[in-house]
Structure formats: C-alpha cells, structure tokens
Amino acid sequence: MTTLRFGWCGVGQMGEAMTANMLSAGLSLTVWNRSPEKCEPIRALGATVSATPKDVFEQSDVIFVMLSTPQVAVDWWNENRQFVSGKMVVDCATLGLEAIVKINDLVVNAGGKFLEAPVAGHSGMAKARTIEFLCSGNHEVFETVSVAMEAMSKKSHYFGQEIGTASKMKLVVNATLGNMMAACAEGVALSEKVGLNPEQYLEVIGSHVALSNGLFKLFGPKMLNDDHVPLFMTKHMEKDMGLAVDMSTAAGQSLPLCTAAHGLYKSAVDDGQAEFHMSAVHRTIKKMKPQ
C-alpha cells in the first residue's frame with residue numbers, strides 16, 4: 001500500500017465518483033470544494049474534508065484538481081499557486097490549450113510539478129472505473145500517480161512531456177463524441193417526424209456492421225424515453241465543442257461538422273437543457289424547423 005497522501009480540489013459529478021474509487025482502493029484522501037456540502041458523500045466514505053485549498057496542499061503530496069471552466073480554473077490557480085511548492089499536481093479538467101499552458105506555468109514557476117490528465121468518460125463511467133486518463137507533462141508525476149489512476153480508470157495514456165498534447169487529444173475525442181450524439185439525435189428526430197418507428201431505426205443501426213456503437217445503443221433508447229439524467233451535461237459538451245472549434249481555427253483547420261454541432265449544443269443550452277445529459281440535444285432538434 002502506498003504511503004502517498006492524495007488531495008482533491010473540485011468535487012463535481014466526476015470528482016465524487018473518482019474520489020469514491022480512490023477511497024475504495026484504500027488511498028489517503030483530503031478534499032475541498034467551493035460548495036462544501038458536495039464533499040459530504042466523500043466524507044462518509046472516509047475522506048478528510050478541508051475548509052480551504054491551502055489545507056489540502058499542506059496535507060497532501062499529490063493534488064488532483066478538477067474545476068469547471070477555463071476561467072474558473074485559471075483564477076483559482078492564481079489564488080492558490082503559492083501553496084504548490086514541492087507538490088505534484090494533476091489537472092483532470094478539460095480546459096483547452098491556452099488555460100492549461102497558463103496553469104502549467106503557474107504551477108512550475110511556483111515550484112510544483114505538473115501533469116495534465118483530462119478524463120475521457122462521463123460520471124457513470126467514472127463510477128464503473130471505465131474512464132481513461134489522457135496525460136502529458138511531467139513523467140515523474142505520471143509514474144507516481146499511477147496507483148491512483150489505476151484505482152479510478154481502466155487505462156492511462158501518456159503522450160509525452162509537452163503541455164497541451166493531452167488537451168488536444170481530449171478536444172478531438174470530445175468533438176467526435178459530440179458529433180456522434182448530435183447525429184443520433186437527428187436520426188431519431190427524423191425517423192419520428194416522417195412516421196417511422198424510431199425503435200426500428202435504432203434496431204437497424206444497432207445491427208449494422210458500420211453503424212453499430214455503444215453510444216447509439218445506450219442513448220438512442222434514452223432519447224425515445226426522454227430520459228436525460230445527467231452523466232455529462234449539455235453545458236459541458238457545449239463548452240468542449242467550443243474549445244475544439246477554437247483550437248481548429250488557431251491551427252488553420254476547418255471543422256464544419258463540429259462547428260454545426262457546437263451550434264446545436266449552444267441552442268440546447270439556450271433551450272433549457274444545460275444541466276441535462278448531452279443527449280437532451282434531441283429535445284431541441286425536435287423543435288427545429290427547416291431554414
């Protein structure tokens with residue numbers, strides 16, 4: 001059993017599931033969240049709950065951080081970088097290139113060691129330990145935290161020391177995911193509108209050699225049942241698709257599908273679907289009329 005002391009700052013849906021698995025593996029864990037009541041389920045499992053980020057850093061050797069948006073994360077690190085000297089930091093949020101480079105610089109310049117490790121998967125996958133970590137940055141940190149990542153995931157990928165590589169990979173992966181969910185929602189909506197049995201539509205694509213995939217099989221029926229319990233909220237997919245479009249623009253690569261899908265998720269957020277699962281984009285597509 002490792003003697004490493006782990007810390008966690010930012011306990012949302014993903015953080016709650018991931019920290020629960022760390023505790024199940026017998027790891028020592030201290031947690032903090034801006035809304036302290038979100039830490040109570042983790043406290044009940046054996047975590048120490050701290051009143052401030054400073055306390056987490058003082059009581060931990062390795063600190064995982066998972067905050068909601070690029071600006072929130074950068075602001076938080078500007079406030080807390082003074083506590084990082086001699087510590088290892090793992091940032092698991094999807095923040096985009098500009099923010100993750102800023103955070104790495106803040107941590108390293110303050111005497112810490114940094115690994116970016118955005119997570120591929122939603123909160124249900126986090127509970128089931130089927131998420132994957134996409135990592136780049138300090139290799140020593142990657143090796144050191146392997147015991148924690150093994151407790152939380154089915155696989156960890158290391159793409160090298162260059163900061164931003166993992167964020168690029170995560171945005172490409174999530175752009176693909178967002179496009180696929182929008183395509184499924186559109187197919188279900190069209191089959192309903194033209195009088196087809198949408199269950200039969202899902203049966204056809206579910207048995208098709210080229211079209212069958214886990215996303216359609218899981219969330220197609222949920223669209224039919226209007227069941228959008230949040231595993232990965234629409235507002236988070238809208239954020240990630242926007243970051244992917246920004247990245248592609250900077251790289252000089254057009255993303256016509258991702259740009260269109262980003263518009264759909266933005267419309268879904270405006271339509272009141274922000275805190276439902278991203279599959280709720282189906283509700284919004286159903287209301288749309290031809291241009």
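Biologist: Why is arginine 129 called partly exposed?
Modeller: In this predicted model, arginine 129 has a relative accessible area of 39%. Buried means under 20% and exposed means over 50%, so a residue at 39% is called partly exposed.

Biologist: Where is arginine 129 placed, and what is its phi?
Modeller: Arginine 129 is in the loop between α6 (123-128) and β8 (131-137). Its phi is near 60 degrees, a positive value in a residue other than glycine.

Biologist: What makes aspartate 226 buried, exposed or partly exposed?
Modeller: The relative accessible area of aspartate 226 is 42%. Aspartate 226 lies in the loop between α11 (214-224) and α12. Aspartate 226 also has a positive phi, about 50 degrees, although it is not a glycine.

Biologist: Histidine 228 is in the loop between α11 and α12. How do you know whether histidine 228 is buried or exposed?
Modeller: The relative accessibility of histidine 228 is 3%. The cut-off for buried is under 20%, so histidine 228 counts as buried.

Biologist: Which residues touch histidine 228, leaving aside neighbours within four places in sequence?
Modeller: Histidine 228 is in contact with Lys222, Met223, Phe276, His277, Ser279, Ala280 and Arg283. As for leucine 106, its C-alpha is 38 Å from that of histidine 228, and the two residues are 122 apart in sequence.

Biologist: Why is aspartate 240 called buried?
Modeller: Aspartate 240 has a relative accessible area of 2%. Since buried means under 20%, aspartate 240 is therefore buried. Aspartate 240 is in helix α12 (residues 234-251). Not counting residues up to four places away in sequence, aspartate 240 touches Thr94, Leu171, Asn174 and Phe232.

Biologist: What makes α9 and α13 roughly perpendicular?
Modeller: The axes of helix α9 (residues 165-193) and helix α13 (residues 256-273) cross at roughly 65 degrees and come within 9 Å. Angles of 65 to 115 degrees count as roughly perpendicular, so α9 and α13 are described that way. The crossing of α9 and α13 is left-handed.

Biologist: Which residues meet where α9 touches α13?
Modeller: From α9 there are Ala175, Gly178, Asn179, Met181 and Ala182, and from α13 there are Leu257, Cys258, Ala261, Leu264 and Tyr265. By class, this contact of α9 with α13 has eight nonpolar, two polar and no charged residues.

Biologist: Which residues of α9 and α11 make the contact?
Modeller: On the α9 side are Leu177, Met180, Met181, Cys184, Ala185, Val188 and Glu192, and on the α11 side are Leu215, Phe216, Phe219, Gly220, Met223 and Leu224. By class, the contact of α9 with α11 has eleven nonpolar, one polar and one charged residues.

Biologist: Which members of the largest nonpolar core touch the most other members?
Modeller: They are Trp8, Met18, Phe64, Trp77, Val90 and Phe133, out of 57 residues in that core. A second, separate core of 29 residues includes Leu171, Phe219, Met223 and Met237.

How values were computed
Residues are numbered from 1 along each chain as its sequence is written. This is a predicted model: local features need pLDDT of at least 70, side-chain atom pairs count only at pLDDT 80 or more; totals for chains, interfaces and linings use all residues. Side-chain values use heavy atoms; hydrogens and water are left out. A nonpolar core is a set of buried Ala, Val, Leu, Ile, Met, Phe, Trp, Tyr and Cys residues joined through side-chain atoms within 4.5 Å. Buried means under 20% relative accessible area, exposed over 50%, partly exposed in between (1.4 Å probe, protein chains only). Axes are lines fitted to C-alpha atoms, for helices over the stretch in contact, and angles run from 0 to 180 degrees between N-to-C directions. Helices (H or I, at least four residues) and strands (E, at least two) are DSSP runs, numbered from the N terminus. Angles under 35 degrees count as roughly parallel, over 145 as roughly antiparallel, 65 to 115 as roughly perpendicular and the rest as oblique. A crossing is left-handed if the near helix is turned anticlockwise from the far one by less than a right angle, and right-handed if clockwise. Contact means heavy atoms within 4.5 Å. Ala, Val, Leu, Ile, Met, Phe, Trp, Tyr, Cys and Pro count as nonpolar, Asp, Glu, Lys and Arg as charged, and the others, Gly among them, as polar.
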